[in-house]
Amino acid sequence: MKEPLAKLEFRDVARGRALQARLERAMERAGRAVTVMHVCGSHEQAIARYGLRARFPADLRVQMGPGCPVCVTDAPEIDACVALATRGVRVLTYGDMLRVPGRARSLDDARAAGARVEVIYAATQAAEIARATEEPVVFFATGFETTAVATAAVLLAEPPANLFVLSAHKWVPAAMDVVASSEGSAIEGYLAAGHAATITGCGVFEPFVSRYRRPVVVAGFEPLDILSGLVLLVEQVIEGKAEVVNAFPRCVSRDGNRRALDALWRVFEPGDGDWRGIARVPSGDLRLRPQLAAHDASVRFAAELDAAPTPVARADAAECRCGGIMTGLLQPTDCRLFGTSCRPDAPVGACMVSTEGVCRIWHEHGLGRASAAEGREGSREPT
Ligand code: SF4
């Protein structure tokens with residue numbers, strides 16, 4: 001069967017080589033190291049899958065930011081869910097949250113001990129399950145603005161009275177402020193996630209660019225999307241420019257998806273919240289509005305959550321460096337546990353659990369293993 005033409009266009013080798021050469025010329029003009037950040041686990045996945053990191057110029061450092069929703073879900077948020085499930089409440093969650101460690105246990109650990117935890121694949125499924133029963137059902141709703149819109153749509157479509165949402169949804173643009181203002185940050189430009197910008201629009205980054213004088217380029221997820229996004233980003237950096245550039249115009253507009261944004265802000269309001277290992281992010285959490293208190297699990301089960309004992313954190317969790325990695329200060333190989341006591345089959349930190357977590361991606365693609373010898377992080381071809 002023939003591959004669709006559009007797909008071939010975005011993986012065209014000759015175009016890729018031309019972009020690589022342009023990136024190299026830009027770095028030669030810079031005459032110094034440049035550090036940029038992509039703010040999305042899907043970008044890191046694509047970079048690893050297509051071996052792009054091995055093609056980046058030696059002085060171009062591409063860091064991953066706080067763009068893995070599983071990784072930034074705070075341990076106490078998981079603990080709350082574990083506490084409810086352990087008390088016999090029926091809890092529904094996306095599969096990638098199952099193995100993320102809370103302070104002491106993951107939802108998977110709780111399920112193995114008899115707690116009621118079920119995996120769902122879409123927010124609509126939570127409503128279907130609730131409709132089929134009379135008992136309370138809690139949907140542990142995680143993810144960024146993309147999945148928050150799906151949760152919002154369910155709550156705006158006459159949900160059953162026994163459906164309760166425990167929201168751990170987060171708003172990515174707020175975390176970019178934290179990264180840009182964190183002490184020691186060397187990030188000179190940001191590659192923003194095309195799928196999230198499809199919802200928010202690229203205009204959402206304009207205040208950030210004005211505030212920090214750092215360029216933002218919105219990019220898609222095909223190899224040529226990423227390479228062209230990096231070219232446009234690095235060229236801005238070396239020319240001293242700071243603008244929002246939409247390098248994903250086939251999906252992203254300046255104003256985004258107005259219907260989706262309307263649904264999002266009718267259901268959620270921004271609140272300050274802790275992002276795992278990173279910081280307290282002002283306006284970084286998406287909380288259910290008071291009008292939806294009848295479906296808010298944190299209201300319905302407030303007494304149970306207040307009564308839950310605070311779990312004792314496992315000892316090795318203190319060594320996890322996910323926070324430093326997701327703020328662009330460290331690489332996975334800077335963590336002493338990477339690939340030794342922290343592996344995908346035995347994760348210590350959240351970045352080793354999710355398929356969008358940078359530690360898991362680097363581990364599975366063999367990235368970083370040869371870095372010490374080569375003097376570059378992640379410079380080896382994926383295995
Ligand atoms: Fe955390 Fe494991 Fe990554 Fe270390 S290797 S930073 S413990 S997830």
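Modeller: Helices here are DSSP runs of H or I with at least four residues, and strands are runs of E with at least two, numbered from the N terminus. This is a predicted model, where local features need pLDDT of at least 70, side-chain atom pairs count only at pLDDT 80 or more, and totals for chains, interfaces and linings use all residues. Residues are numbered from 1 along each chain as its sequence is written, and side-chain values use heavy atoms, without hydrogens and water.

Biologist: What follows just after α3?

Modeller: Gly51, with a positive phi of about 65°.

Biologist: What makes helix α3 mostly covered?

Modeller: Buried means under 20% relative accessible area, exposed over 50%, and partly exposed in between (1.4 Å probe, protein chains only). In α3, residues 41-49, eight of the nine residues are buried. Among them are His43, Glu44 and Ile47.

Biologist: Why is Glu158 called exposed?

Modeller: Its relative accessible area is 73%. The limit is over 50%, so Glu158 counts as exposed. Glu158 lies in the loop between α8 (145-155) and β6. Its phi is positive, near 45°, and it is not a glycine. Most residues other than glycine have a negative phi.

Biologist: Why is Ser283 called partly exposed?

Modeller: Its relative accessibility is 34%, which falls between 20% and 50%. Ser283 belongs to strand β11, residues 279-288. Ser283 also has a positive phi, about 60°, without being a glycine.

Biologist: How do you know that β3 and β4 pair?

Modeller: Two strands pair if DSSP finds at least two bridges between them. Four bridges join β3 (residues 90-94) to β4, so the two strands pair. They run parallel. In one of the bridges, Leu92 is partnered by Glu118 of β4.

Biologist: Which sheet do they belong to, and what makes a strand an edge strand?

Modeller: The open sheet has four strands in the order β4-β3-β5-β6, with parallel pairing. β4 (117-120) and β6 (163-169) each pair on one side only, which puts them at the edges.

Biologist: Where does the ligand sit?

Modeller: In the largest cavity. A molecule sits in a cavity if more than half of its atoms lie within 2 Å of the cavity's grid points.

Biologist: How many residues surround the ligand, and which are the closest?

Modeller: 13 surround it, and the closest are Cys320, Arg321, Cys335, Cys342 and Cys359. Near means a heavy atom within 4 Å.

Biologist: How does the shell around the ligand divide, and what makes Cys nonpolar and Arg charged here?

Modeller: It holds 11 nonpolar residues, one polar and one charged. Ala, Val, Leu, Ile, Met, Phe, Trp, Tyr, Cys and Pro count as nonpolar; Asp, Glu, Lys and Arg as charged; the others, Gly among them, as polar.

How values were computed
On a 1 Å grid over the protein atoms alone, a cavity is a set of points where a 1.4 Å probe fits but cannot get out, and a pocket is an open set with protein on both sides within 12 Å along at least five of seven lines; lining residues have an atom within 4 Å of a point.
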